[in-house]
Amino acid sequence: MFPKLTGLLRLAGYLGPYWKQALIAGAALVIAAGSVLAVGQGLRVVIDRGFADGTAAALDQALLLVGGVVVVMAAAAALRFYWVMWIGERMAADLRQDVFSRLLTLEPGFYLRNGVAEIQSRMTTDTALLQSVLGSIFSMALRNVLLLIGTLVMLIITSPGLSAIVIAGIPVVVAPMLFYGRRVRRLSRLSQDRIADVGSYASETLGGIETVQAFVHETEDQRAFQTRVESAFSAAVQRIRQRAGLNALGLLLAFTGVAFVLWRGGHAVLAGTMSAGELSAFIFYAVLAAGAVGVLSEVAGELFRASGAAERLFELLDAEPAIKAPAHPLPLPQPARGEVTLKGVTYRYPTRPEPPALVDIELTVKAGETLALVGPSGAGKSTLINLLLRFYDPDQGQVLFDGVDLREIDPADLRQRLALVAQTPVLFTGTVRDNIRFADPDASDQRLQAAAADANCSEFIAALPQGMDTYIGPGGLQLSGGQRQRIAIARAILRDPALLLLDEATSSLDAESEEHVQIALARLMAGRTSVVIAHRLATVRNADRIAVLEAGRIRAIGPHEALTQSDTLYAHLAALQFQ
Ligand SMILES: Nc1ncnc2c1ncn2[C@@H]1O[C@H](COP(=O)(O)OP(=O)(O)OP(=O)(O)O)[C@@H](O)[C@H]1O
């Protein structure tokens, strides 16, 4: 029955480090609320002494007092506002950082299951909502809770008889609010989910804008987006409807109470059992109390909404990485040899277990050896590379690096010894220097330059307007395809890995650019263990051995010449596929 505020309660944990600020805010809150209450007493004095007794001096004095109280109230209110907002912003910032740090530890499979765009949207919209709620709404809620308690106390002091009526009315006001609050929370979760849909659709479509426009798919995307926006809108409207009801009910009940009190109190004054000042003060407090209830009913909805948002964020914070370091990771031998062994490895993608992506793989790549992986599309080549990176763990069998099972070591330790050059190089917003340095943030400038030179980058980097410090745009898209590949190779060279994992580009570059890339690759591969998904004849010819994959199994393994003779699939691939 009671609406859950667990999300918000857990957020309270984020308040811990800021207890000093919270103390100041709390004190300001109490002083501000106290001064509002004192104004009511001032009012009583002004009316009973000033008006009723008819002395101007008493009136002046009372008003002066009220004036002083008002100054204190304003100062305290400013302090309260500043510090509560500060705490709100700080907590949202901390939460955002924690969520991002957690997201970085989650394995790629998590993103395949949940969608990057959806997670991104949670990071932005849910934290933004929390930011606003924690900052302003929470402060309003606290202020009004305090005010409500204070006014109730003052009501009892002023007139116990009349307050009994007010207090009896409280459950009548609060019960429907709690009931409505629960609905609002549920609906606001729904509404946030819909907004996340909108966000993820937009980012996927805009991310693929070239394909969208090339296929003139704008109208369809517009329509699909509209459906999502409309569904977010109707979820929001449902939520707003409940909120509107909640507000109306709160105000109606509260002010009906005030009218009733006024009626009873008026009779008491007429009967002479209550002074006019007391009734005025009482009404002042009753209106304050009603106002506080009104504000609370309004912000309660927001609080429940924020609680929903917090829950969505905590879901991300609670996501346990499937791939993580064991409690007592084994050390890898120093220096690394770069030897890889797969023993009876079978792997099924959890999202599609049948057919398995890899079946009973037995494979050893010796230190310094170059192994090419070839096979038809979907044979399992990328999956094998992903297992070597330990993005997934095999369902059966073992993957060993330098003789140690990958599950026994810290993934970071393993990956320190690897470098990946993907088929389409992934670069990040920043300069050329930032992108090469990605492999080793502490690398000296000299090493950076050497890596760039080895990767055949020096010439084109020198021709860029600011050389190494040229900004290459989001995703490095202000460089040509061949240049991006060479930067990716420079990055891998700077890493100086014991094991290189390379997915050769299939898109054909022009002959000159291609040659630059090939020379860079040859330098990168020289003298280190390399596992290469091969698409070029030159690569398979230069490889020490080639593993031919088909439907998740290794059907043949050996050097190029031998395989051309012995394996029909390989001969077929060599004739048709390799350029
Ligand atoms: N995330 C995934 N979820 C479910 N199945 C997947 C996933 N990724 C790949 N697969 C499936 O696993 C099999 C092996 O895929 P993999 O990407 O390893 O093939 P590949 O040999 O690298 O192909 P290509 O040369 O086309 O890149 C395929 O049947 C593919 O459909």
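Reader: What about H10 itself: how many of its residues are buried?

Author: Start with the general idea. An α-helix has 3.6 residues a turn, so residues three or four places apart point the same way. Now the case here: 7 of the 8 residues of H10 are buried, so the helix is largely enclosed by the rest of the structure. Those buried residues are Lys381, Thr383, Leu384, Ile385, Asn386, Leu387 and Leu388.

Reader: Okay, on to sheets. In what order do the 6 strands of the open sheet come?

Author: In general, the strands of a sheet pair through backbone hydrogen bonds, either parallel or antiparallel. In this open sheet the order is S6-S7-S8-S3-S9-S10, and the pairing is mixed. At the edges are S6 (418–421) and S10 (553–558), each of which pairs on one side only. On average, neighbouring strands here are turned by 15° against each other, if you ignore direction.

Reader: And how do S3 and S9 run, parallel or antiparallel?

Author: Parallel: 4 bridges link S3 (residues 370–374) with S9 (residues 545–550). To find your way along the pair, look for Leu373, which stands opposite Ala547 in S9. H10, at residues 381–388, packs on this sheet and touches S3, S7, S8 and S9, and its direction makes about 150° with that of S8. Helix H19 (residues 568–576) packs on the sheet as well, touching S3, S9 and S10, with its direction at about 105° to that of S9.

Reader: What makes S7 largely enclosed?

Author: You can count its buried residues. It's 5 of 5 for S7, so the strand is largely enclosed by the rest of the structure. Then see which way they point: Leu499, Leu501 and Asp503 go one way, Leu500 and Leu502 go the other way, and all are buried. S7 has partners on both flanks. With S6 it runs parallel through 4 bridges, and there Ala419 stands opposite Leu500. With S8 it also runs parallel, through 5 bridges, and Leu502 stands opposite Val532.

Reader: How is the 4-strand sheet put together?

Author: This one is an open sheet too, in the order S2-S1-S4-S5, and its pairing is antiparallel. Its edge strands are S2 (358–365) and S5 (404–405), each pairing on one side only. S1 (residues 340–347) runs antiparallel to S2, with 5 bridges between the two. Among the paired residues, Tyr347 has Leu358 as its bridge partner in S2, and Val345 has Ile361. Here's H10 again: it packs on this sheet, touching S1, S2 and S4 (396–401), and its direction makes about 120° with that of S1.

Reader: Which residue is the bridge partner of Val340 in S4?

Author: That's Phe401. S1 and S4 run antiparallel and are joined by 5 bridges.

Reader: Now the inside. Which residues have the most contacts in the largest nonpolar core?

Author: The general picture first: in soluble globular proteins, nonpolar side chains tend to be buried together. In this model the largest nonpolar core has 70 residues, and Ala372, Leu373, Val374, Ile489, Ala490 and Leu501 have the most contacts inside it. Helix H15 (residues 481–495) gives the most to this core, namely 7 residues.

Reader: Which residues does UniProt list under "transmembrane region"?

Author: The unreviewed UniProt entry gives 62–83, 128–156, 162–181, 244–263 and 283–304. You can check such spans against the model. Residues 62–83 are 100% helix and 0% strand, with end C-alpha atoms 32 Å apart. Residues 283–304 are likewise 100% helix and 0% strand, and there the end C-alpha atoms are 31 Å apart.

Reader: Last one: what is the mean pLDDT of the chain?

Author: As a general rule, where pLDDT is low, the predicted coordinates should not be read in detail. For this chain the mean pLDDT is 84, and 96% of the residues reach 70 or more. For the complex, the predictor gives an ipTM of 0.94 and a pTM of 0.74.

Terms used: Residues are numbered from 1 along each chain as its sequence is written. This is a predicted model: local features need pLDDT of at least 70, side-chain atom pairs count only at pLDDT 80 or more; totals for chains, interfaces and linings use all residues. Two strands pair if DSSP finds at least two bridges between them. Axes are lines fitted to C-alpha atoms, for helices over the stretch in contact, and angles run from 0 to 180 degrees between N-to-C directions. Two residues are in contact if their C-beta atoms, placed from the backbone, lie within 7 Å. A nonpolar core is a set of buried Ala, Val, Leu, Ile, Met, Phe, Trp, Tyr and Cys residues joined through C-beta atoms within 7 Å. A residue is buried if 20 or more other C-beta atoms lie within 10 Å of its own, exposed if 12 or fewer, and partly exposed in between; C-beta atoms are placed from the backbone. UniProt positions are given in the numbering used here, feature names are shortened, and annotations may be inferred rather than shown by experiment. pLDDT is the predictor's confidence in each residue, from 0 to 100.
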